[in-house]
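Here are my notes on this model, as numbered points. Please read them with the coordinates open.

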Amino acid sequence: NPAGTMVPGDRGANEASVVDGIKKIEAFMRSNRSKYDKDDAMQKQYRGYLGAYQQLTGKAWTGA
């Protein structure tokens, strides 16, 4: 749960950590989509990162 590892009061560091996690998983998705599609835990983690990003920024992830 990415939101569970956030440090209160350090929004910049939290946002950077979440963005890094999103980008890492998206890179994996591009390189090995079939393996990602079979990995329920990674999909759950990706959704958690997306939710954490929205919670931190007030907007949905559109890519960066």
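Which residues does I25 touch, not counting residues up to four places away in sequence?

1. **Contacts of I25.** The answer is a list of five names: Y36, M42, Q45, Y46 and Y49. Two of these, Y36 and Y46, come up again in the core below.

2. Mean pLDDT over the chain is 86, and 80% of the residues score at least 70. Among the elements, α1 has the lowest confidence, with a mean of 90. Helix α2 (residues 33–38) has the highest, at 98. Where pLDDT is low, the predicted coordinates should not be read in detail.

3. **Overall layout.** The chain has 3 helices and 0 strands. Read from the N terminus, the order is α-α-α. There are 64 residues, of which 31% count as buried. The accessible surface comes to about 4400 Å². Carbon and sulfur atoms account for 49% of that surface.

4. **Contact range.** Take the contacts between residues at least 6 apart in sequence. Of these, 60% join residues at least 24 apart.

5. **The core.** The largest nonpolar core has 13 residues. Those that touch the most other members are V18, I22, I25, Y36, Y46 and Y53. Two elements give two or more residues to this core: α1 (11–31) and α3. The largest share, 6 residues, comes from α3. As a general matter, nonpolar side chains in soluble globular proteins tend to be buried together.

6. **Length of α3.** Does the length of this helix agree with its residue count, or disagree? Helix α3 covers residues 40–57, which is 18 residues. At 1.5 Å a residue, the helix should span 26 Å. Its end C-alpha atoms are 26 Å apart, so the two values agree.

7. **Buried positions in α3.** The buried residues of this helix are M42, Q43, Y46, Y49, A52, Y53, L56 and T57. In general, an α-helix has 3.6 residues a turn, so residues three or four places apart point the same way.

8. Y49 is found in helix α3. The relative accessible area of Y49 is 15%, so Y49 is buried. From Y49 to E15 the C-alpha distance is 9.8 Å, across 34 residues of sequence. A52 lies in helix α3 as well. A52 has 2% relative accessibility and therefore counts as buried. A52 and E15 are 37 residues apart in sequence, yet 8.4 Å apart in space, C-alpha to C-alpha. L56 also belongs to helix α3. With a relative accessible area of 17%, L56 is buried. Its C-alpha lies 9.3 Å from that of V18, and 38 residues separate L56 and V18 in sequence.

9. **After the helix.** G63 sits in the segment after α3. Is G63 buried or partly exposed? The relative accessible area of G63 is 36%, so G63 is partly exposed. G63 and E26 are 37 residues apart in sequence. In space they are 9.4 Å apart, C-alpha to C-alpha.

10. **The two ends of α3.** At the start of the helix, a side-chain oxygen of D39 comes to within 3.2 Å of the backbone nitrogen of A41. At the other end, T57 is placed in α3. Which backbone oxygen does the side chain of T57 reach at 2.8 Å? That of Y53. The side chain of T57 also reaches the backbone oxygen of K59, at 3.1 Å. Just after α3, G58 takes a positive phi of about 80°.

Conventions: Residues numbered from 1 in each chain as written. Heavy atoms only, no water. Helix = DSSP H or I, 4+ residues; strand = E, 2+ residues; numbered from the N terminus. Expected span 1.5 Å × (residues − 1). Buried < 20%, exposed > 50% of the residue type's maximum accessible area, 1.4 Å probe, protein only. Polar contact = N/O pair within 3.5 Å; in protein donor to acceptor, adjacent residues only side chain to side chain. Contact = heavy atoms within 4.5 Å. Areas by Shrake-Rupley, 256 points an atom, 1.4 Å probe, with all protein chains shown as cover. Core = buried A, V, L, I, M, F, W, Y, C linked by side-chain atoms within 4.5 Å. pLDDT = per-residue confidence, 0-100.
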